[in-house]
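Thank you all for coming.

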Amino acid sequence: MKNPTRRSALALAAVAALTLTGCGSSDPLGGGDTASGSPSGTGGMGGSGGAEPLVIGSQQYYSNEIISELYAQALEAEGYTVQREYQIGQREVYLPEVESGAIDVMPEYSGNLLQYYDAEATATSPTDIHAALAEVLPEGLRPLESAEATDQDSYNVTRQFAEDHSLTSLADLKSVDEPLKVAANSEFETRPYGPEGLKKAYGVDVTVVPVEDSGGPLTVKALVDGDVQLADIYSADPSIETKDLVTLEDPENLILPQNVTPIVSDAVDEAAAAVIEGVNAKLTAEELIGLNRQSVEEQASSADIAKEWLAGQGLS
Amino acid sequence: MNWVLDNLPLIADRTWAHLATSLPAILAALLISVPLGWVAHRYRALNGPVLTGAGLMYAIPSLPLFIVLPALIGTGVRDVVNVVVALTLYGVALLVRSVADGLDGVPPEARSAAVALGYPPLRRFLTVDLPLAGPVVLSGLRVVAVSTVSLCTVGAVLGIPSLGMLFTDGFQRGILAEILTGIVLTVVLALVLDRLLVVLGRLAMPWARKTAEVGA
Amino acid sequence: MNQLWEAVLWCLDPARWTGPSGIAARLLEHLGYTLLAVLIAAAIAVPIGWWVGHTGKGRGAAVAVSGAARALPTLGVLTLAALLLGIGLVAPMTAFVILAIPSILAAAYAGFEAVDRRVIDAARAQGYTGAQVLWQIEVPLGLPVLVGGLRSAALQVVATATLAAYVGAGGLGRYLFLGLKTQDYAMMLGSSLLVVVLALVLDGAFALAGRAAVPRGVTVARRGVTA
């Protein structure tokens with residue numbers, strides 16, 4: 001004969017489990033995911049914030065997440081409600097979400113974004129690129145003022161390798177005898193400044209060794225250990241300085257300047273845009289490297305880094 | 001570990017997201033496997049196909065499944081429904097065999113006695129077959145729980161939130177503590193779930209322990 | 001459905017199969033990683049499993065280690081190992097071997113435990129030494145279960161070997177990640193299908209091996225003596 005107490009205990013446990021999963025299903029999934037600090041959803045302090053929360057996205061790249069967090073906290077300080085959707089992925093993954101209006105604010109990199117929409121673009125200066133971008137972005141999206149800070153792909157070699165082969169620019173790579181391997185994210189393969197572009201502009205052949213850490217520690221280690229000869233490391237990465245790497249110059253402008261440029265949807269009104277541009281105005285190249293350094297060397301979270309920096313700049 | 005202390009909210013978020021995807025999948029796997037396993041047990045002709053199908057299902061690699069499934073069920077790759085469905089499929093693939101084996105192991109005398117007492121088929125299934133098959137089903141469920149929790153992390157490379165994001169982020173920034181935290185938490189979560197199931201099993205099936213003791 | 005069709009076309013394009021980074025090369029790399037990982041895992045797990053099964057000692061520890069190893073997330077172990085060891089094969093191999101060990105270990109001792117004690121008693125009564133019991137009775141009789149464990153391990157590794165490309169190694173994962181990062185669905189789906197096919201082929205091969213591994217005497221006993 002079954003013990004009624006045990007049965008009810010089991011029923012209770014089952015109900016508890018179902019409730020738990022039921023509760024779980026609604027919260028983190030609907031609210032998008034957060035980096036740290038403020039939980040998803042409300043962070044506004046009342047005031048002039050719009051009724052609809054502004055959705056701020058970021059790439060699956062820690063530096064981009066810091067910039068997103070800067071915008072997010074600055075907006076929250078002005079009373080806006082912000083929803084964070086971080087670590088989405090690379091351009092091909094998040095742009096459809098931006099274009100559909102699911103994401104309102106996305107920190108982007110001007111040159112690459114322009115080439116993504118218009119592979120034949122001829123603009124080479126930051127102002128020209130920005131103007132071209134404004135024309136080429138789809139309906140409902142506009143670029144805000146670019147920051148001075150850039151974070152672009154760059155071909156790097158170790159100092160030793162540069163000295164051994166007298167390398168200062170990408171054109172010099174032609175004189176290197178050995179087969180050249182470049183460590184980079186896998187999408188580098190199809191980027192305009194990847195192996196194909198390098199071949200066309202400088203006549204240099206390279207093969208890509210894909211390491212999915214966005215020019216991070218494993219890529220740097222591969223370069224320093226000599227497993228690869230070149231590495232695609234973003235210019236705002238502190239390890240270029242720390243590991244004494246040499247960034248090869250690009251006289252043919254294969255790699256366009258990548259100024260940090262927020263792409264916003266129509267849901268972002270002039271006031272909100274002004275807040276974001278206020279942050280961008282203070283973001284110099286040095287500042288960005290400093291922010292990245294805090295993340296990688298001091299292992300601080302993007303929320304903490306953003307809070308400190310905004311306070312220091314008088315923006316929060 | 002300073003990193004851990006500084007990032008407790010992030011860790012909590014990731015753990016929550018992880019549970020929110022794995023727990024429903026485990027539950028769904030159980031709810032689907034029981035009737036499916038019963039079919040395989042009851043209709044001998046279907047036994048082969050169902051179990052072979054389950055075996056093949058398990059052979060399908062996880063990352064590709066996360067990628068192929070959206071095309072079939074019409075969600076996005078990053079959609080949580082996608083992950084839960086995929087994890088459920090793996091859970092069912094593992095559990096169906098346990099259910100079928102468990103039901104096969106029910107002593108025919110017990111069944112005959114129930115029939116003799118006049119139990120209608122559904123009551124017989126719920127109060128005789130299932131409880132007696134319980135221990136075998138439970139051991140299958142424990143394996144499903146552990147492997148689901150572990151498998152859930154793979155989705156992080158596709159941008160799906162879980163403890164796996166501690167691996168991708170730690171990897172990008174070179175923070176070993178972050179990766180270790182992710183590993184430890186995943187293992188702990190899996191083992192806690194495992195223990196929980198054992199305890200629930202003892203509550204639900206007190207006779208199982210006694211039978212084991214007698215047989216030992 | 002259209003996407004799946006394009007994926008199939010992607011797989012069948014003959015130009016893609018040749019060359020150092022062609023489909024054929026990646027397929028072989030993928031298969032190679034799998035077999036290597038299973039081999040190394042077997043070299044570690046089989047002796048231990050056999051010892052546990054033969055002596056009856058240490059079973060609790062073996063079960064605990066198996067269970068904990070099964071809970072280890074492969075992506076985590078992989079990224080950790082890669083950060084410490086750099087790109088190349090060692091980091092992914094470490095992760096895959098750890099992944100493969102639980103199934104093989106469990107199958108090794110379970111195979112021995114399934115051997116009827118009466119057979120062993122009969123052997124001892126006839127004067128078989130411990131080693132003879134091990135090699136002439138337990139190993140052959142435990143072989144089918146062991147092959148089942150190897151099969152399970154191989155499936156798990158072939159599925160997870162796509163992650164090797166995350167840290168700069170080869171295998172079919174290369175296409176997976178490249179297709180994912182550039183939203184080239186045909187490549188992503190196509191390479192996924194290839195991994196699935198590889199897994200099914202491997203599964204079938206091990207199933208056959210499992211049947212062949214059953215000692216002749218056991219097959220005869222089961223089926224009865226025919227011709």
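**Helix, sheet and contact**

In chain A, helix α8 (residues 217-225) lies across β5 (155-158), β6 and β8 (230-232), and runs at about 165° to β8(A). Here helices (H or I, at least four residues) and strands (E, at least two) are DSSP runs numbered from the N terminus, and contact requires C-beta atoms, placed from the backbone, within 7 Å. Axes are lines fitted to C-alpha atoms, for helices over the stretch in contact, with angles from 0 to 180 degrees between N-to-C directions.

This is a predicted model, in which local features need pLDDT of at least 70 and side-chain atom pairs count only at pLDDT 80 or more, while totals for chains, interfaces and linings use all residues. Residues are numbered from 1 along each chain as its sequence is written, and chains are lettered from A and ligands numbered from 1 in the order in which they are written.

The five strands of the open, mixed sheet follow the order β7-β6-β8-β5-β9 in chain A, where pairing means at least two DSSP bridges between two strands. Because β7 (206-210) and β9 (245-247) of chain A stand at the edges with a single partner strand each, one side of each has no neighbour in the sheet. Strand β6 (residues 180-184) of chain A pairs with β7(A) in the parallel sense over five bridges, and A:K181 stands opposite A:T207 in β7(A).

Turning to the other chains, 29 residues from chain C and 34 residues from chain B make up their contact. On the side of chain C that touches chain B, the largest share, eight residues, comes from α9(C).

Terms used: Contact = placed C-beta atoms within 7 Å.
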